[in-house]
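Please look through the sequence and the 3D structure shown here, and then read the short report that follows, which takes up one topic at a time.

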Amino acid sequence: MALEPGQLLDMYRTMVTIRTFDRRAADELHAGNIPGAVHSYIGQEAVAVGVCSALRREDRITSTHRGHGHTIAKGADIKFMMAELFGRSNGYCHGKGGSMHIADFSVGMLGANGIVGAGLPLATGAALAAQMEGGGGVAVSFFGDGASNEGSFHGSLNLASIWKLPVLYVCENNRWASGNSAAATQSVEDISVRAVSYNLPGVTVDGTDVLAVYEAAEQAVRRARNGEGPTLVECKTYRWRLHAEQRNDPPDPRPQEEIDLGPQHDPIATFAGHLTQQGVATEESLKQIDGEVAAAVDEAIDFAKASPFPKPEDALTDVFAP
Amino acid sequence: MREVTYVEALMEAFTEEMRRDDKVFHLCGNHGPLAALIPEFGEERVRACPISEEAYVGAGIGAAGSGFRPIISPGMMTFAFTAMDQIVNQMAKIHYMFGGQAAFPLVFRASTGGGRSAAAQHSQSPHPMFMNLAGLKLIMPSTPYDAKGLMKSAIRDNNPVVFFEDQILAASPTKQEIPDEEYTVPIGVADVKRHGSDVTVIAISKMVSQALAAAEELAGQGIDVEVVDPRTLVPMDVPALRASVQKTGRVVIVDEACLTCSAAAEISALITEDPATFRALKAPPKRVCSPDVPIPYSPIMEQFCLPDKDNVIQGIREVLG
Ligand SMILES: Cc1ncc(C[n+]2csc(CCOP(=O)(O)OP(=O)(O)O)c2C)c(N)n1
Ligand SMILES: [Mg+2]
């Protein structure tokens, strides 16, 4: 399906929102305003945006520890996200979850996750629900290269395959799992080949090209909605920043030459180039979007800072559903 | 004497034991500080594993039953819940089920505890679950000295030993003097961290520092607090705990785990079901634990949940009546 200019500009805006959000979140963390740790999605924006652009609002996704990008791309409100990072009571999870556990069920974002590989079975279940509902809904699990070494990956793909579940397994292969390189810890170079074992299609795309990601996702979504079952979509990408930003950042274990290559395949710059070349936008119009996004993120931070903290005893609520 | 941090103390234990026995090797989720062992021992004996906890935890058990002494380090305990079949059904039962035919000498070490705004999944205190498995020894050291000595004993032990390192203690720059000579700390022996006569506070892992801070503060008010650290939860040094309580007649048990079925609950039972200790009690035992909720992210709520010095003082005041 060809994308309309308006959709393309929305995709651009979302990618810039993710990058700006994560930059500012890291700054706020280092300034001591956000506790804990944040896992930056910068460099991988094309994956979340390419995939989520092929989804409907009712479709459901599960995410990872690196979840801000997926959450924004699925349509969550950055004000409530930022308030959650700041540990405030009007954050998405009322301050109970923080960066690694943002969810917005109203837009089909079933949650970021602190456990590597945990989202795959959950998305498989969301796909099962969609199949049983019969409304043509699909589910997506985002996960990393490292997660594809967990049993949950292998069991989920097999289950989805035998039941022909409407699910996309979207692997963001950034070649590192915290301090471990994929080269040292993974039996295959392309994770997509693992689909062969479970008899489902596996494709590898350039995960820094939002249109390539969109195209692969769109095809897989179509398959899923038609009852043809799951697809494994591997997106080759790179994380620009540390595995996690913390108050005391550890050294980056990756070779500096490799880190320097990241920004040379900037998904946003690539897409901006495409948009101007195609006459969908001008440099000025994109700059204007950048400015609007910066203002929106500023507003989200102001909102977070002005938001109330939870009461200590609020810790005792939400243990069980009413 | 030298001063070392908690992690440095553990690293010394690894180095000494790896030199002593070439069957000792590491399987870890991430090299982290263990990378310092590679120049001397090689990557063969310091293996970084894929994120396949079930596979490498199980591989450690298999290697242990085949003549090696692995030290398995998935990082946080929360990561290794993905390996719970290997831990619960294999590690804990394998020696017993097969009638004691083979020993499974391994150390399974992981970090636990909250206090870093890391939210529910990364702030857990699951040691009571492990106490209830039957078949696993369980150590939770509170100081660098104990960490080194107990790690050496754990590596030499012929059983699976679970070794939980509190996240905050493991990251702490605080140093403690340890002897230059080699030493071990025996498994199953409690340690009185402060002598006192009015009330016994039994505290586990990071809670020992909270108990000592409470004791310090109350000393100024004429209340003499004894602080006992079990150090090992399985086997528990029951005689030492009972002896202290028989002396003071009052006991507060401080444990970061959720209250229900906490280690504190077990210790409370061990104290009260012994007739002599029961008769010595001047007040019911008091558990100071986290409430029965997953640990929340926002620091205000997290601090409310995790026991601290003030909660210990409040507990002490309660048993003093
Ligand atoms: C089951 C489990 N094991 C280990 C960890 C610790 N951990 C957190 S993120 C991470 C790396 C994940 O790598 P990958 O799946 O490639 O995602 P990326 O961080 O590259 O986005 C690790 C090892 C965890 N959270 N959960
Ligand atoms: Mg990765």
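## Burial at two positions

In this predicted model, N174(A) and W176(A) are both buried, a label given to residues with under 20% relative accessible area.

## The magnesium site

N174(A) and W176(A) also take part in holding the magnesium ion (ligand 2), where N174(A) contributes its OD1 atom and W176(A) its O atom.

Chain A contains an open sheet of five strands, which are arranged in the order β1-β2-β3-β7-β6 and pair in the parallel sense. Because β1 (60–62) and β6 (202–206) of chain A stand at the edges with a single partner strand each, one side of each of these strands is left without a neighbour in the sheet. On average, and with direction ignored, neighbouring strands of this sheet are turned by 20° against each other.

A139(A) in β2(A) is the bridge partner of R60(A).

## Helices across the sheet

Two helices of chain A can be described by the strands that they lie across. Helix α6 (residues 151–163) lies across β2, β3 (167–173) and β7 (231–236) of chain A, and runs at about 150° to β3(A). Helix α8 (residues 210–225) lies across β3, β6 and β7 of chain A, and its direction is at about 155° to β6(A).

How values were computed:
Residues are numbered from 1 along each chain as its sequence is written. Chains are lettered from A and ligands numbered from 1 in the order in which they are written. This is a predicted model: local features need pLDDT of at least 70, side-chain atom pairs count only at pLDDT 80 or more; totals for chains, interfaces and linings use all residues. Side-chain values use heavy atoms; hydrogens and water are left out. Donors are N, O and S atoms within 2.8 Å of the metal (3.2 Å for Na, K and Ca); water is not among the atoms, so sites may look incomplete. Buried means under 20% relative accessible area, exposed over 50%, partly exposed in between (1.4 Å probe, protein chains only). Two strands pair if DSSP finds at least two bridges between them. Helices (H or I, at least four residues) and strands (E, at least two) are DSSP runs, numbered from the N terminus. Axes are lines fitted to C-alpha atoms, for helices over the stretch in contact, and angles run from 0 to 180 degrees between N-to-C directions. Contact means heavy atoms within 4.5 Å.
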